[in-house]
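Let us walk through this structure together, one part at a time. Keep the view open as you read and turn it as you go.

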Amino acid sequence: MRPILEVSGLSRIYGPGCPRCIEATGPDAERNVCPHCGSIVAVHDVGLRLMPGEILGIMGESGSGKSTVVKLLNFDETPTTGRAAFFDGERTWDLFGLNAAEKRWLRDNRMGTVYQNPHLGLNLDISAGGNIAERLLMSDVLSYGEIRERARDLLARTQVPAIRMDEHPRRFSGGMQQRVQIARALVTNPPLLLLDEVTTGLDLSVQARILDLILDLQERLGIAMIAVTHDLGVIRLLATRTVVMRYGRIVEGGLTDQILEDPQHAYTQELVAAAL
Amino acid sequence: MRARRKRRPASYGFGFLDENAKKELRRALMKAVAIPGYQVPYASREMPIARGFGTGGLQITLALLGEDDTVKVIDQGSDESVNAANLRKFFALVCLGVTETTRTTDATVIQTRHRIPERRLRADQILVFQVPYPDPLVVVEANAGKRREMHGAANYARLWTKLYEDMVTFDEITISHRYPTRIAGHYVIDPSPIPRWDVPKLHMADCLYLFGAGREKRIYAVPPHTTAQPLSFSDVPFRVEDFTDEHGKRRACARCGATGTFLDELLAADSVKSYHCSDIDFCTETLKATQCAPSSKSAA
């Protein structure tokens, strides 16, 4: 089976960089700041394979580089080195070799991102429906009736009451803001969704409903997702496969059950033990 | 008592601006015409009127005028407002040989604020707009660098979202003037504060439209025979002001009786409303034509 996304050798170094950066950082050195030149090796040599309809978990502590991976895939940051191929139906996109217009088109039409903080993914000064409309307008849907209909449909699917469609998301609860953000990400039917700490900061019952929603959407729409989180519970519930990151490197990867039941790397063992 | 010496015009060269300034302006104009709708930056000069009083339009007109030109200045359709009359006098003072006029048909260069003349302009005429805010994206994006990127990528989704929000809140698009208009299928311009009524006149015109923003230091153009599409939804067509009264009848100008013009609402001392053509020259010409008509009929 062909993957939908294949990433290899992905690196991002902030700072001038020096030849000794790589050997002086990483999980063995227990740091990601190079002691020789002061550069931050945020991500180094990350490889991922995402199959269609699959949820891949990226787990790690703060500063492990997991969010940077999502930012790189989302074109928010430019990688220092690395390749990523996005297999979208007939087309294959070399993600890091695109020009600005292609990146924008891909991001507006074929990818969706849900951020931890709804402020990043939503414009809180326009209505919930307007936020969804904006994404449709970006992909040149210019019929007001069609936009209304699709926004209504998506908000219903993400369990946002239809009567609140024309309200500003500023007045919504955190969980509802997050659901609007998911609706916005899904409106163009993207085959790939990036989830960056989507449940962090929400209370437990709301977390559970968001996770249910994500699983339900994955089941019904068959969207492939990358879920970044530091929460083992989220990983256990969502991800079929998981990679564990520390100091910018992948220390362990495999089936989620395997990693949680029989962790091999010392850091993963510590992490799993701490959660129990 | 000594006889007062006759005042001579100040010793400026033709067109008030120095030759290098005019050259720079003309280059910016050429570029603006070459890339329809693109906002060309230029070095806006200090003028003898304050920024915001039409310095952008003034500089363009000064760079365009030659000795054989005939210039008309309108302010909200009127030739006689203080601003229009003063600018016209200024042109006569600093461009010796240039003819002043109030007649649209006679003018070769027309400088305008807030209106496009009702009579369709010819290929040998140029309309120069005074623009307060050149960038239509300023309402949705505060960062000028990002705005420029958005223009480059023709990324106007956020402007459309604003129209969507208008539709949701008011069931119609409430922009009355400065209606964002897409030129030649790419750049969206702010067509200066002209009413919606005038926006269709930008589309496939015979004349050249030039826009000058003095304070914001931008020049842009809508060349002849160029498409100009006001932003709208495919199922919510763009509408101009309709001027119908409470009985659904189109109001007519109280002075000349025209029913196909943009009307100003005037309030008399006894607070009775009346409606008049905003384009005074058009109104006067219509009046003359109708007054002549019966006499010619009786002669026949």
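Within chain B, 14 residues of domain 1 are in contact with eight residues of domain 2. This is a predicted model, and in it chain B is divided into domain 1 (19-230) and domain 2 (241-294). The C-alpha centres of these two domains of chain B lie 26 Å apart. On the side of domain 1 of chain B that touches domain 2 of chain B, you will find six charged, five polar and three nonpolar residues.

Now turn to the place where the two chains meet. Here 17 residues of chain A are in contact with 14 residues of chain B. On the chain A side, the elements that give two or more residues are α3 (100-109), α5 (128-138) and α6 (144-157). The most comes from α5(A), with six residues. By class, the chain A side that touches chain B divides into nine nonpolar, five polar and three charged residues.

What covers the buried residues of α5(B)? The cover includes α5 and α6 of chain A together with β7 of chain B. The helix α5(B) itself runs over residues 157-170. Its 14 residues should span 20 Å at 1.5 Å a residue, and this agrees with its end C-alpha atoms, which are 20 Å apart. The buried residues of α5(B) are A157(B), L159(B), W160(B), T161(B), K162(B), L163(B), Y164(B) and E165(B). After α5(B) comes D171(B), whose phi is positive, near 65°.

The strand β7(B) also belongs to a sheet. That sheet is open and has three strands in the order β7-β6-β10 of chain B, with antiparallel pairing. Its edge strands, each pairing on one side only, are β7 (188-189) and β10 (228-230) of chain B. Strand β6 (residues 181-183) of chain B pairs with β10(B) over three bridges, in the antiparallel sense. In that pairing, T181(B) stands opposite P230(B).

Back in chain A, another helix deserves a look. Is α7(A) enclosed by the rest of the structure or open? Twelve of its 13 residues are buried, so α7(A) is largely enclosed by the rest of the structure. Among those buried residues are M176(A), V180(A), I182(A) and L186(A), along with R179(A) and R184(A). The elements of chain A that cover them include β6 (111-114), α4 (118-121), α5, α6, β7 (192-196) and α8 (204-221).

In the loop between α6 and α7 (174-186) of chain A lies I163(A). This residue counts as exposed, because it has 7 C-beta neighbours inside 10 Å. I163(A) and R152(A) are eleven residues apart in sequence, and their C-alpha atoms are 9.5 Å apart in space.

Further along chain A there is a hairpin to follow. Strand β9 (residues 241-246) of chain A pairs with β10(A) in the antiparallel sense over six bridges. Two residues lie between these strands, and in this hairpin Y247(A) takes a positive phi near 45°. The bridge partner of R246(A) in β10(A) is R249(A). Strand β10 (residues 249-255) of chain A is mostly covered, with five of its seven residues buried.

Apart from residues up to four places away in sequence, L210(B) touches L29(B), I60(B), I126(B), V128(B), F129(B) and A221(B).

Two loops of chain B complete the walk. K217(B) sits in the loop between β8 (208-213) and β9 (218-222) of chain B, and has a positive phi of about 60° although it is not a glycine. With 18 other C-beta atoms within 10 Å, K217(B) is partly exposed. S271(B), in the loop between β11 (263-267) and β12 (273-277) of chain B, is another residue other than glycine with a positive phi, near 50°. S271(B) is exposed, with 6 other C-beta atoms within 10 Å.

Definitions and conventions. Residues are numbered from 1 along each chain as its sequence is written. Chains are lettered from A and ligands numbered from 1 in the order in which they are written. This is a predicted model: local features need pLDDT of at least 70, side-chain atom pairs count only at pLDDT 80 or more; totals for chains, interfaces and linings use all residues. Two residues are in contact if their C-beta atoms, placed from the backbone, lie within 7 Å. Helices (H or I, at least four residues) and strands (E, at least two) are DSSP runs, numbered from the N terminus. Ala, Val, Leu, Ile, Met, Phe, Trp, Tyr, Cys and Pro count as nonpolar, Asp, Glu, Lys and Arg as charged, and the others, Gly among them, as polar. Domain bounds come from an automatic or database domain assignment. A residue is buried if 20 or more other C-beta atoms lie within 10 Å of its own, exposed if 12 or fewer, and partly exposed in between; C-beta atoms are placed from the backbone. Two strands pair if DSSP finds at least two bridges between them. The expected span of a helix is 1.5 Å times one less than its number of residues.
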